[in-house]
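Notebook open, model loaded. I want to look up the strand pairing and then the pockets.

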Amino acid sequence: MTEKPDFTGLRAMYINCTLNRSPGRSHTQGVIDRSVAIMKANGVSVDQIRAVDHDIAAGVRPDMTEHGWDTDEWPTLLNRVMAADILVIAGPIWLGDNSSVTRRVIERLYGYSGVLN
């Protein structure tokens with residue numbers, strides 16, 4: 001009999017890229033909820049962000065307020081993302097393509113790649 005793996009201590013971050021602001025209904029959240037339940041049942045701690053509820057500036061720099069934007073919540077959100085061992089980006093698919101919110105999150109993650117590389 002094999003021993004069940006122990007994932008205690010791992011942290012997962014879910015970024016919900018629905019187009020619907022909280023507390024609006026999100027089918028994406030329904031899928032996330034199922035995945036979160038599996039993670040938690042296996043000892044993984046979970047954090048979640050609904051991206052559309054935050055002021056995330058467009059751009060590919062770590063902090064867009066340094067590049068003309070008045071506000072940008074991404075630097076604060078990125079701290080939560082970087083604390084995770086597992087990152088799940090979930091969003092709707094429209095006509096075979098990601099939502100605009102998903103694209104913005106991926107764009108902002110890409111903007112930080114220069115720091116990690």
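I started with Tyr14, whose bridge partner in strand 3 is Val88. The model is predicted, so I note the limits: local features need pLDDT of at least 70, side-chain atom pairs count only at pLDDT 80 or more, and totals for chains, interfaces and linings use all residues. Residues are numbered from 1 along each chain as its sequence is written, and side-chain values use heavy atoms, with hydrogens and water left out.

Next I looked up the pairing around that bridge. Strand 1 (residues 11-16) runs parallel to strand 3, and five bridges join them. Strands here are DSSP runs of E, at least two residues, and helices are runs of H or I, at least four, both numbered from the N terminus. Two strands pair if DSSP finds at least two bridges between them.

The sheet is open, with three strands in the order 2-1-3 and parallel pairing. Strand 2 (45-50) and strand 3 (86-90) are its edges, each pairing on one side only. On average, neighbouring strands are turned by 15° against each other, direction ignored. Axes are lines fitted to C-alpha atoms, for helices over the stretch in contact, and angles run from 0 to 180 degrees between N-to-C directions.

Then I checked helix 1.

Which helix gives the most to the lining of the largest pocket? Helix 1 (residues 27-41) does, with four residues.
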